[in-house]
Amino acid sequence: MNNNESQPRPGPRIVPRSEHNVSRANISDNALRVLYRLKKAGYGAFLVGGGVRDLLLDRRPKDFDIVTDAHPEQVRKLFRYCRLVGRRFRLAHVRFGREVIEVATFRANTTDEHKDRIHTKKGRIIRDNVYGTIDEDVWRRDFTANALYYNIADFTIWDYCSGISDIKSGVLRLIGDPVTRYKEDPVRMLRAVRLAAKLDLIIAPNAEAPILELGDLLNEVPAARLYDELIKLFHAGHAARSFDLLIRYNLFQYLLPAVNKRNQKDRSREAFKFIREGLQSTDDRVCSDRPVTPAFLFAVFLWYPVLDLAGKLVREGRSEAQAMLDASSLIISEQQNQASLPRRFWSPIKDIYLMQRRFMNRRGIRSARILCHRRFRAGYDFLLLRSKHGEVDREIADWWTDVQQLGPEAQKKAFFVKDHHRK
Ligand code: ATP
Ligand code: MG
């Protein structure tokens, strides 16, 4: 951040335990272990970020981030299972079985010329490894709600920029000048949307307006980082709300450019409707602890672009199956420039798509075999979604629902006895 660099900055308001609701009972045992170990070794140790924010909002945090004045090497010496990660930020990961606690060292808010902070020409920070004090660390954080420090030494919360009052009024406010902060790291625009969707907060007007202008900065963000952020937006139980906000702020097109068809507004609208229904069902799954996979998510996102391209290829003379295969390969690989989908998900998506044609036929050995396909479940869920959307006759979807319930003999009849499937 380079605004107000020379002006003195306010110190923290220190809120005593009796005046806030963050309780150790709601902090994970392993995070507490790390905090206490750092403290015992003589270092400052604070919980920061989403952990404090979510506890203040009476929600269960997804993870607990810790900051300290110990340098990463010093942190590593304190823990048996600890490794240092990160290029842009050097961090310690302390492992307890499956839980990983992230420990960061306070970082300074340096000037642009500082040798350890590297910007691109457009102001994006690509390396940032300058250690500092808590008084400096706070100003490089994104939102006031994310810049609250819970001190394990006396259970106070250090609040430098009225984060507690913003949380109480349900506002996400960027620290510093929003335009500069978005230029430094365009992913902050996606984080604004994600946190607003997840926590039902509103984005402060001065942080909201520039998003509409600056969306195309997302084109410069590495595709793998966009993918990580996309999964956080859509696999955390608030996908439909995230989607609505991404549309409202014109950001969705930078994550999934294939869905926007500038010259065919109706078609895009139809695709958005389909996606929203798919995301609603993803949210239902997440909320009832059923598994979700990026393959299904991207199958939903890319279905309309693939259908359109496949239609074009058929008109040019390709067979339907081949057209579907070629169209999905092309659309998936184009997507790699934006939020890049790991390769292991490509073939499940194609399977889901190819199965859709096969579901239309309910006779004979080829149809019967779909039931044993290892991705039958995903393909069938996709069929249900299409049917809900009005793309496939309800009767066909119901038939595939019913046939799964039948015993082997009845199943055989369903696929092989003439006209059995006509009710
Ligand atoms: P959650 O973990 O619930 O998704 P979070 O706010 O904790 O939300 P993390 O990615 O875990 O998100 O980041 C931890 C903290 O690091 C944030 O609360 C914020 O203070 C800081 N932070 C993360 N990403 C950025 C960023 N792009 N710019 C500035 N600060 C950031
Ligand atoms: Mg976090």
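The shell around ligand 1 divides into 13 charged residues, three polar ones and no nonpolar ones, where Asp, Glu, Lys and Arg count as charged, Ala, Val, Leu, Ile, Met, Phe, Trp, Tyr, Cys and Pro as nonpolar, and the others, Gly among them, as polar. This is a predicted model, in which local features need pLDDT of at least 70 and side-chain atom pairs count only at pLDDT 80 or more, while totals for chains, interfaces and linings use all residues. Residues are numbered from 1 along each chain as its sequence is written, chains are lettered from A and ligands numbered from 1 in the order in which they are written, and side-chain values use heavy atoms, with hydrogens and water left out.

**Ligand 1**

- The ligand is surrounded by 16 residues, of which Arg53, Asp185, Arg188, Arg194 and Lys198 are the closest; a residue belongs here if one of its heavy atoms lies within 4 Å.
- Helices α2 (50-56) and α7 (187-199) each supply at least two shell residues, and α7 gives the most, with four; helices are DSSP runs of H or I with at least four residues, strands are runs of E with at least two, and both are numbered from the N terminus.
- Among the polar contacts (pairs of N or O atoms within 3.5 Å), a nitrogen atom of ligand 1 is 2.7 Å from an N or O atom in the side chain of Asp185, an oxygen atom of the ligand lies 2.7 Å from a polar side-chain atom of Arg194, and an oxygen atom of the ligand is 3.1 Å from a polar backbone atom of Asn146.
- Taken alone, ligand 1 exposes 590 Å², of which the protein buries 87%, as computed by the Shrake-Rupley method with a 1.4 Å probe.

- Strand β2 (residues 45-48) pairs with β9 in the antiparallel sense over three bridges, pairing being called when DSSP finds at least two bridges, and Phe46 stands opposite Asn151.
- Strand β10 (residues 157-159) also runs antiparallel to β9, joined by three bridges, with Asp159 as the bridge partner of Leu148.
- The hairpin of β9 and β10 has five residues between the strands, and Phe155 in the turn has a positive phi of about 65°.

**Magnesium site**

- Asp63 (OD) and Asp65 (OD) coordinate the magnesium ion (ligand 2) at 2.3 to 2.4 Å; donors are N, O and S atoms within 2.8 Å of the metal (3.2 Å for Na, K and Ca), and sites may look incomplete because water is not among the atoms.
- Asp63 is partly exposed, with a relative accessible area of 32%, and Asp65 is partly exposed at 22%, where partly exposed lies between the buried limit of 20% and the exposed limit of 50%.

Technical notes. Polar contact = N/O pair within 3.5 Å; in protein donor to acceptor, adjacent residues only side chain to side chain. Buried < 20%, exposed > 50% of the residue type's maximum accessible area, 1.4 Å probe, protein only.
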